[in-house]
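Here is a friendly walk through the structure shown below.

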Amino acid sequence: MQASLKTQCCIVGGGPAGMMLGYLLGRAGIETLVLEKHADFFRDFRGDTVHPSTLQVMDELGLIDDFLKLPHDKLQKLDGYFGTTTLRLADISRTGAKHPFIAFMPQWDFLNFLRDKGQRYPKLKVMMSTEATDLLWSDGVVTGVKAKGPEGPIEISADLVVACDGRHSVVRPSAKLDVEEIGAPMDVLWFRVSKGSESESVLARIESGKMMVTLDRGTYWQCAYVIAKGQYEVVKARGIEAFRADVVELAPILKSGIADVKSWDDVKLLTVAINRLTRWTRPGLLCIGDAAHAMSPVGGVGINLAVQDAVATANLLAAKMLKGRLSEDDLDAVRRRREFPVRMTQAMQVIVQNNVITLALKPGSEPIKPPLFARVVNAMPWLQGITARFIAIGVRPEHVHSPEAIS
Ligand SMILES: Cc1cc2nc3c(=O)[nH]c(=O)nc-3n(C[C@H](O)[C@H](O)[C@H](O)COP(=O)(O)OP(=O)(O)OC[C@H]3O[C@@H](n4cnc5c(N)ncnc54)[C@H](O)[C@@H]3O)c2cc1C
């Protein structure tokens, strides 16, 4: 017999958006079920930048002291290396943020932390190894999800379903929501290289025909090598040795550890996409995070936008949910609040794509010249606070206003 469950809110996906929303709704005393298809959060690297906007949210939730006890690295100043010139592009110490740094922390630590802290809320349940496969409908209203769990299929009926299942969402096609593709000229190859005592503040390295980002993670470098869209097979065909040589030419500091990249198994392809839904809702359904808007890795803002969406969702809907069912207009308030920051951030990513990345990926023999914008920002330190604010805090930052139930 098929198992069935009933809950007030069913969240599909336990990434940053789903786990933060689950925490906030559980905290508000709303019966909430988070479904995560994987058995745990220990998966491939998929970004580990916790920005000051998210640290602020953790602070407002009273979680910051415990959170910062988890191992992390701090980054304040973001430098770019263009051909032969190093320029400062952003300085988070100038943003006025309460926690003025990016905390680099494996995403699984962040998600485990939210799950552990959420256990204090009896109304919140996280079901691992449970994959949503389709939506349940009744008269044009989403009334829950079909899922498969370790024990077999389950039907979960819910007053509200929130899709937080990321850029490859199964919910949004089930709901027939249209996706507006903005496009990106590149894909990214992620890998790590072990590190000795050497250190460099440079983040982005750009030379004619080549670009990569190196993040100093204490004992290793987390590297993102940018390639032209769809060229992974071409890069692979040249062989791993040629790839390693390209990397070291661009970032000589990686020379001592590059042997760590033994085969293509050590390299993870991120197919970069920028897109967004034109409509984030159906009656009974809301999409947030990457499920509503996939972000480019430019600025490392995807996790933080997902968290901001979750905070806005709880702010706008939690108190109303405690009183009863929500109309689609109530749900659409989340899009009305969050679409502007999403559009602004994606516009910034497109500007960087068009003015820096496309240029960097064009093969040429001339040494690359830093763009005017980068030279101006480098020359005027106060501008480094503005660029940092855009990346680290973002447009229209959210603060926690959702209720906390007294249990
Ligand atoms: C290689 C890589 C590097 C990145 N680097 C950065 C970075 O440095 N900084 C940054 O901010 N962002 C980065 N990102 C982007 C960032 O990871 C996302 O923007 C962010 O995680 C979005 O959060 P989310 O909760 O909306 O979705 P996701 O993090 O994608 O979470 C979706 C969750 O839903 C689960 N799921 C999916 N389908 C189902 C289903 N049917 N049923 C149940 N569960 C399901 C998934 O297992 C996953 O846990 C990177 C992404 C990748 C892939």
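## Reading the model

A residue is near a molecule or strand if its C-beta atom, placed from the backbone, lies within 6 Å of it. This is a predicted model, in which local features need pLDDT of at least 70, side-chain atom pairs count only at pLDDT 80 or more, and totals for chains, interfaces and linings use all residues. Residues are numbered from 1 along each chain as its sequence is written.

## The shell around the ligand

Let's start at the ligand. It is surrounded by 35 residues, and the closest are Gly15, Gly47, Gly166, Gly289 and Gly302. By class, the shell holds 16 nonpolar, 12 polar and 7 charged residues. Here Ala, Val, Leu, Ile, Met, Phe, Trp, Tyr, Cys and Pro count as nonpolar, Asp, Glu, Lys and Arg as charged, and the others, Gly among them, as polar.

Which elements supply at least two residues each of this shell? They are helix H1 (16-27), strand E9 (131-138), strand E17 (268-270) and helix H8 (302-323). Helices (H or I, at least four residues) and strands (E, at least two) are DSSP runs, numbered from the N terminus. The largest share, 4 residues, comes from H8. The ligand shell lies between domain 1 (3-182 + 273-392) and domain 2 (186-270), because both give residues to it; the domain bounds come from an automatic or database domain assignment.

## How H1 packs

H1 and H8 have axes that come within 8 Å and cross at roughly 30 degrees. That makes H1 roughly parallel to H8. Axes are lines fitted to C-alpha atoms, for helices over the stretch in contact, and angles run from 0 to 180 degrees between N-to-C directions. Angles under 35 degrees count as roughly parallel, over 145 as roughly antiparallel, 65 to 115 as roughly perpendicular and the rest as oblique.

H1 also packs with helix H4 (residues 107-118), at an angle of about 15 degrees and with the axes 10 Å apart. H1 and H4 are therefore roughly parallel too.

## Strands to look for

Strand E5 (residues 77-82) pairs with strand E6 (residues 85-91) in the antiparallel sense over 6 bridges. Two strands pair if DSSP finds at least two bridges between them. Gly80 has Leu87 of E6 as its bridge partner. The hairpin of E5 and E6 has 2 residues between the strands, and Gly83 takes a positive phi near 60 degrees there.
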